[in-house]
Amino acid sequence: MALLEIMLIGLALITLIIACYTDIKTREIPDWLNYGLIFAALGIRGIFAVTLGWPVFLSGLLGLGAFFILGYAFYHSRQWGGGDSKLLMGIGAIIGISYPWSTESLNILWFLVTMLLIGAIYGLCTMIIMAVKEWKNLRLPLLQKINQNKNIQIILAVVSLAFLGLSLWQPLFWPLVIVPLGFFYLLTFVHTVEKTCFIKPISITKLTEGDWLAEDVVVNGRKVLK
C-alpha cells in the first residue's frame, strides 16, 4: 500500500501546484487538468487493484462519488466555480473512502473539515486586509448594516447574557458568551466587505470564464444568465 499512497499523493501535489498556477494566472482551472486527475487516480487504483484487491478501486469510486455530490452542491449554490468542484472530485478519488468500513474511512471527512477551516481562515484574513485598504468606502455601509439590525442585536445580547448566567453555574458555557453577537458581527462584516470590495463593474469585453455575475441577467423578463 505504501507505493500506492506515494503515487496518489505525488499525483495530487503535482495537480494542485498546476491548479494554483493556472488559477492565479487565468482565474480558472482547466478541465483537462481536473479530468486528468480523476482518470489518473482511478487508473492508478485500478492497476493496484489487480494485486491488492478490488476494494482499492472501490475506495476511489466512493470518494469520487461523495465529493461529486458535495461539489455539485457547492457549484449550484454559487459557492464554487465548476473547475473548483471538479478538482474536489479528483481529490475525492485520491483520498477515497476505504471499504470495508474502518476508522480510515473517515479520512475524507477530516480532509474536508480541515480544508473548510483553512479556507475560512484564509478568506477572513483576505477580507480583513481588503477592509483595511478600503476602510473609507467600507465604514459607512458597515455602520448602516449594523444599525439596520438593532432588534436582532438585542435578542442576541439577551442570549449572551443567558450564557453568562449559565457560566456562573457551569464554566463550560464561558466560551459561548461571545458567540451570538460575535457571529452576527462577523457575518455582517463578511457580507459588507463582499458587497463593497468584491463587486465591481467591468466591461463585457473584459469578462473571463472565472468571473461571477453579481446579479442575474434578465432579458424581456426572462433570466438568461444567473
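Let's start with Leu37: setting aside neighbours within four places in sequence, Leu37 is in contact (heavy atoms within 4.5 Å) with Leu11, Thr15, Leu87, Gly90, Ile91 and Ile94. This is a predicted model, where local features need pLDDT of at least 70, side-chain atom pairs count only at pLDDT 80 or more, and totals for chains, interfaces and linings use all residues. Residues are numbered from 1 along each chain as its sequence is written, and side-chain values use heavy atoms, with hydrogens and water left out.

**The core**
- Leu37 also turns up in the largest nonpolar core, a set of 21 residues in which Leu4, Leu11, Leu37, Ile44, Leu64 and Ile94 touch the most other members.
- A nonpolar core here is a set of buried Ala, Val, Leu, Ile, Met, Phe, Trp, Tyr and Cys residues joined through side-chain atoms within 4.5 Å.
- Helices (H or I, at least four residues) and strands (E, at least two) are DSSP runs, numbered from the N terminus.

**The surface patch**
- On the surface, Leu124, Ile128, Val132, Leu176, Ile178, Val179, Phe183, Leu186 and Leu187 make up a nonpolar patch with about 790 Å² of accessible area together.
- Helix 5 (107-133) and helix 8 (179-197) are the elements that give two or more residues to the patch, with the largest share, 4 residues, coming from helix 8.
- Areas come from the Shrake-Rupley method with a 1.4 Å probe, and for residues only the protein chains shown count as cover.

- Leu176 sits in the loop between helix 7 (150-169) and helix 8, and counts as partly exposed because its relative accessibility is 32%.
- Buried means under 20% relative accessible area, exposed over 50%, and partly exposed in between (1.4 Å probe, protein chains only).
- Trp80 is in the loop between helix 3 (55-76) and helix 4 (82-95), and is partly exposed at 22% relative accessibility.
- Thr192 belongs to helix 8 and is buried, at 5% relative accessibility.

**Confidence**
- The protein chain averages a pLDDT (the predictor's confidence in each residue, from 0 to 100) of 84, and 90% of the residues score at least 70.
- Among its elements, helix 2 has the highest mean pLDDT (90) and strand 2 (residues 222-225) the lowest (64).

Key. Patches are made of residues with over 30% relative accessible area and no salt bridge: like charges are joined within 9 Å, nonpolar side chains (Val, Leu, Ile, Met, Phe, Trp, Tyr) within 5 Å. A salt bridge is a side-chain nitrogen of Lys or Arg within 4 Å of a carboxyl oxygen of Asp or Glu.
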